[in-house]
Amino acid sequence: MRIAIASEPRLLSILRGVVRFRAREAGFSDSEAECLAMAIDEAAANIIRHTYGGRTDAPLALEVRCFRDRLEFILEDRGPKVCEDLIRPRPLEDIRPGGLGTFFIGSYVDERTYDRDFKDGNRLKLVKYLSGKGSPCNEGSSSQSG
Amino acid sequence: MKVQVRNLDKVSILDCSGDVDLYTSPRLRESLLAEIRAGGPSVLVNMSGVPYIDSSGIATLVEGLQLSRQTHTPFGLFGLRPNARSVLELARLHKVFAIFENETEAVEKIESTSSGI
């Protein structure tokens, strides 16, 4: 499943809805699906705020790949290359507004990697494994729409 | 997301309904900071209608907390749904905010809760 949207904050709810649906379909619990929805929402929000600097007309795509043991979420943008070394969650004891998005992403997914070979922007892959449960999804299934 | 303000005798209550995310959190921020700046005796945020809150929403609440400390305005939250509560707990903010189960408890205790300041 692939969804392409503009970098509009009001469209983030659509991404959350898709992630919740696909996560439940893949065998994750409601609370796990909610956590995954938040992780993808935070990653997309970071793209809008930081990579695009608040632009609302730039392309943003989410692809969800369902495997027997995991879900993969691929977020693509066309912004300037992200410097991974600068992406750090703030210490939790430092109580101030902001800086928690990266922390939530890291808390809710098992893997987070940038595709260094992706030329036209950034491609971020977030992976969440099912914990010992079978998935109704077919190995490697990935359909395209939108 | 909607924010409606109720001004009771000794407390202002912001009733929030809907998701609080990057799109809607500026609305909450505007109302929350305005209420705290207005100098009401106490400010409470009713979270019972908020099924989802992201880091921008959390940041808004932290900003409100900081402003409330500057203005010495007791500030608290009540009616948190499980998702919002778990997010605050994960970020270790559940002991930073004055959090109450419901409106009755919040109104009764907010003024005497030192952690609300």
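This is a predicted model: local features need pLDDT of at least 70, side-chain atom pairs count only at pLDDT 80 or more; totals for chains, interfaces and linings use all residues.
Six bridges join β1(B) to strand β2 of chain B, residues 12-17, and the two strands run antiparallel. Within this pairing, Gln4(B) stands opposite Asp15(B) of β2(B).

Chain B has an open sheet of five strands in the order β1-β2-β3-β4-β5, with mixed pairing. The edge positions are taken by β1 (2-7) and β5 (98-100) of chain B; each has a single partner strand, so one side of each is left without a neighbour in the sheet. From one strand to the next, the twist averages 25°. In general, the strands of a sheet pair through backbone hydrogen bonds, in either a parallel or an antiparallel sense.

An α-helix has 3.6 residues a turn, so residues three or four places apart point the same way. Just after α1(B), Gly39(B) takes a positive phi of about 80°.

Two packed helices are described by the angle between their axes and the distance between the axes. Helix α1 (residues 25-37) and helix α2 (residues 55-71) of chain B pack at an angle of about 10°, with axes 9 Å apart. The two helices α1(B) and α2(B) are therefore roughly parallel to each other. On the α1(B) side, the residues that meet α2(B) are Ser25(B), Leu28(B), Arg29(B), Leu32(B), Leu33(B) and Ile36(B). Their counterparts in α2(B) are Ser56(B), Gly57(B), Thr60(B), Glu63(B), Gly64(B), Leu67(B), Ser68(B) and Thr71(B). By class, this contact of α1(B) with α2(B) has five nonpolar, seven polar and two charged residues.

Chain A has three helices and five strands. From the N terminus on, its elements follow the order β-α-α-β-β-α-β-β. Of the 146 residues in chain A, 31% are buried. Among contacts in chain A between residues at least 6 apart in sequence, 67% join residues at least 24 apart.

Helix α1(A) illustrates how the helices and strands of this chain meet. At 1.5 Å a residue, its 14 residues should span 20 Å, and the end C-alpha atoms of α1(A) are 20 Å apart, which agrees. Leu12(A), Leu15(A), Arg16(A), Val19(A), Arg20(A), Arg22(A) and Ala23(A) are buried in α1(A). The buried residues of this helix pack against α2 and against the strands β1 (2-6), β2 (59-66) and β3 (70-77) of chain A. Just after α1(A), Gly27(A) has a positive phi of about 110°.

Two of those strands, β2(A) and β3(A), pair in the antiparallel sense over seven bridges. A hairpin of three residues joins β2(A) to β3(A), and Cys66(A) has Leu71(A) in β3(A) as its bridge partner. Strand β3(A) is also joined by eight bridges to β5 (residues 122-129) of chain A, again antiparallel. Here Arg70(A) stands opposite Tyr129(A) in β5(A).

Asp77(A) also lies in strand β3 of chain A. With 23 C-beta neighbours inside 10 Å, Asp77(A) counts as buried. Leaving aside residues up to four places away in sequence, Asp77(A) touches Ile47(A), Thr51(A), Tyr52(A), Ala58(A), Pro59(A), Leu60(A), Gly121(A) and Asn122(A). Asp77(A) and Leu124(A) are 47 residues apart in sequence, while their C-alpha atoms are 8.8 Å apart in space.

It remains to consider how the chains meet. The contact takes 20 residues from chain A and 16 residues from chain B. On the chain A side, the elements that give two or more residues are α1 (12-25), α2 (30-51) and α3 (101-108). Of these, α2(A) gives the most, with six residues. The residues on the side of chain A that touches chain B divide into eleven nonpolar, four polar and five charged.

Technical notes
Residues are numbered from 1 along each chain as its sequence is written. Chains are lettered from A and ligands numbered from 1 in the order in which they are written. Two strands pair if DSSP finds at least two bridges between them. Helices (H or I, at least four residues) and strands (E, at least two) are DSSP runs, numbered from the N terminus. Axes are lines fitted to C-alpha atoms, for helices over the stretch in contact, and angles run from 0 to 180 degrees between N-to-C directions. Two residues are in contact if their C-beta atoms, placed from the backbone, lie within 7 Å. Ala, Val, Leu, Ile, Met, Phe, Trp, Tyr, Cys and Pro count as nonpolar, Asp, Glu, Lys and Arg as charged, and the others, Gly among them, as polar. The expected span of a helix is 1.5 Å times one less than its number of residues. A residue is buried if 20 or more other C-beta atoms lie within 10 Å of its own, exposed if 12 or fewer, and partly exposed in between; C-beta atoms are placed from the backbone. Angles under 35 degrees count as roughly parallel, over 145 as roughly antiparallel, 65 to 115 as roughly perpendicular and the rest as oblique.
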